[in-house]
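Welcome! Take a moment to look over the sequence and the 3D view, and then we can walk through them together.

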Amino acid sequence: MAEYSLEHVNDMYMDVLKELGNIGAGNATTAIAQMLGLKINMEVPQVKLLTFQELGGAIWAEEETVAGIFLELANDINGSMMFLLNMDSAYYLVNHLMCRDQSYQEPFDEMDCSALKEIGNIISGSYLSALSAMTQMVITPSVPFLAIDMAAAILSVPAIQFGQYGDNALLIETAFGDDVKINGYFILMPEPGSYEKILGALGIQM
Amino acid sequence: MGTMIKVGMADLNICKAPNAITTLGLGSCIGIALYDPVSKIGGLAHIMLPDSTQMRNNQSIAKFADTGIEELVRRMIKAGASKTRMVAKIAGGAKMFEVSGSSNIGNIGARNAEASKKKLRQLGIPLKAEDTGLNYGRTVELYAETGEFHIKSVGKKVKII
């Protein structure tokens with residue numbers, strides 16, 4: 001079997017990834033709704049294939065401050081994943097979790113960062129459990145790591161990961177919300193060999 | 001005041017006075033600024049990975065410290081700069097997430113910085129200043145008129161090296 005990379009995607013493969021994104025993001029949205037006690041609607045996720053040069057400015061302006069939550073993955077799939085939020089969404093979720101008024105815009109303290117990590121952890125965890133359930137593979141995430149910084153600087157981490165193996169990166173955009181729309185982005189960064197495992201586990205012939 | 005030329009990720013370019021050249025939001029990547037103070041020609045490369053020889057997929061020369069710096073020097077000489085007068089300043093190479101040091105992604109910033117310095121030494125280009133490591137992103141601007149290298153970060157004052 002030839003080594004599969006994002007350089008040779010076909011429609012079938014994109015459809016599978018879209019469906020994974022859909023189910024994963026659906027799980028994640030349910031998890032947030034339960035955690036915050038909100039009624040949340042979700043839009044159909046968008047799956048985009050980008051060159052890593054485009055990635056830095058693809059979601060937000062390069063210098064916009066955003067929050068990124070990073071987890072390393074081990075076991076049947078090796079690699080890492082990242083969940084990204086703009087600051088409006090981050091404040092909305094953290095203020096909700098901390099039972100604060102939504103007008104609160106002070107810089108995050110240690111407790112707020114911890115809450116944000118936990119939100120990222122739950123969202124990523126529910127995404128991964130969907131992937132795990134569909135593929136029957138064991139995926140063990142690390143503890144979550146948080147960075148709040150310029151979008152391009154945070155996105156340099158997945159760009160470098162993808163850059164080691166090719167020139168493309170895969171981005172899953174998910175929008176959900178009730179009164180305030182929350183935009184979240186997942187980036188799954190499997191190491192070489194893990195794509196074949198995911199697709200193979202789903203019965204996709206290459 | 002000249003124009004500001006933008007360099008993307010895994011990209012490089014040169015500029016002449018009175019223009020300036022910038023790259024936005026360096027994370028673990030490195031911004032390598034080369035400058036010839038006599039011809040007032042500057043160059044900036046935004047590299048992502050340390051070493052092209054360790055990669056199978058290495059066609060993109062501006063992606064790697066070794067091939068990126070070589071190409072930048074070549075482009076500057078072609079534009080009229082002299083290699084013997086060139087000086088270097090570098091910034092970036094942050095560790096954006098506090099993941100365990102042993103992992104591949106954990107120390108990529110430090111490895112990028114090390115590889116950039118090694119290549120500059122090989123080429124005999126003195127490293128005049130650096131602002132690398134730590135855990136935050138940087139936007140850099142090189143002014144070809146003065147050779148000043150400005151570094152901007154979220155919630156921090158502009159640093160000039």
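What percentage of the contacts in chain B with a separation of 6 or more comes from residues 24 or more positions apart? The figure is 63%, where two residues are in contact if their C-beta atoms, placed from the backbone, lie within 7 Å. This is a predicted model, in which local features need pLDDT of at least 70 and side-chain atom pairs count only at pLDDT 80 or more, while totals for chains, interfaces and linings use all residues. Residues are numbered from 1 along each chain as its sequence is written, and chains are lettered from A and ligands numbered from 1 in the order in which they are written.

**Chain B as a whole**

- Chain B has two helices and 10 strands; helices (H or I, at least four residues) and strands (E, at least two) are DSSP runs, numbered from the N terminus.
- Along the sequence, these elements follow the pattern β-β-β-β-β-α-β-α-β-β-β-β.
- The radius of gyration of chain B is 15 Å, close to the 15 Å that the globule rule gives for 161 residues, so chain B is as compact as a globular protein of that length. This radius is taken over C-alpha atoms, and the globule rule is 2.2 Å times the number of residues to the power 0.38.
- The C-alpha trace of chain B spans about 45 × 40 × 25 Å along its principal axes.
- Of the 161 residues in chain B, 51% are buried. A residue is buried if 20 or more other C-beta atoms lie within 10 Å of its own, exposed if 12 or fewer, and partly exposed in between, with C-beta atoms placed from the backbone.

- Five strands of chain B form an open sheet in the order β2-β5-β4-β6-β7, with mixed pairing; two strands pair if DSSP finds at least two bridges between them.
- β2 (11–16) and β7 (127–132) of chain B each have a single partner strand, so one side of each is left without a neighbour in the sheet.
- On average, neighbouring strands of this sheet are turned by 15° against each other, direction ignored. Axes are lines fitted to C-alpha atoms, for helices over the stretch in contact, and angles run from 0 to 180 degrees between N-to-C directions.
- Six bridges join β4 (residues 30–36) and β6 (residues 87–92) of chain B in the antiparallel sense, and Tyr35(B) has Val87(B) in β6(B) as its bridge partner.
- Helix α2 (residues 108–123) of chain B packs on the sheet and touches β4, β5, β6 and β7 of chain B, with its direction at about 25° to that of β4(B).
- Helix α1 (residues 65–78) of chain B lies across β2, β4 and β5 (41–47) of chain B and runs at about 160° to β5(B).

**Another sheet, with β8 in it**

- A further open sheet of five strands in chain B has the order β1-β3-β8-β9-β10, with mixed pairing.
- β1 (4–6) and β10 (159–160) of chain B stand at the edges of this sheet, each with a single partner strand, so one side of each has no neighbour there.
- Strand β8 (residues 138–143) of chain B is mostly covered, with six of its six residues buried.
- Arg138(B), Val140(B) and Leu142(B) are buried on one side of β8(B), and Thr139(B), Glu141(B) and Tyr143(B) are buried on the other.
- β3(B) and β8(B) are antiparallel and share five bridges, with Ala20(B) opposite Tyr143(B).
- β8(B) and β9 (residues 149–152) of chain B run antiparallel over four bridges, and Glu141(B) stands opposite His150(B).
- The hairpin of β8(B) and β9(B) has five residues between the strands, and Gly147(B) takes a positive phi near 80° there.

**Core and contact between chains**

- The largest nonpolar core has 109 residues, among which Ile32(B), Leu34(B), Ile47(B) and Leu142(B) touch the most other members. Such a core is a set of buried Ala, Val, Leu, Ile, Met, Phe, Trp, Tyr and Cys residues joined through C-beta atoms within 7 Å.
- Helix α5 (residues 151–163) of chain A gives the largest share of this core, nine residues.
- The contact takes 27 residues from chain A and 28 residues from chain B.
- Strand β3 (residues 20–26) of chain B gives the most to the side of chain B that touches chain A, with three residues.
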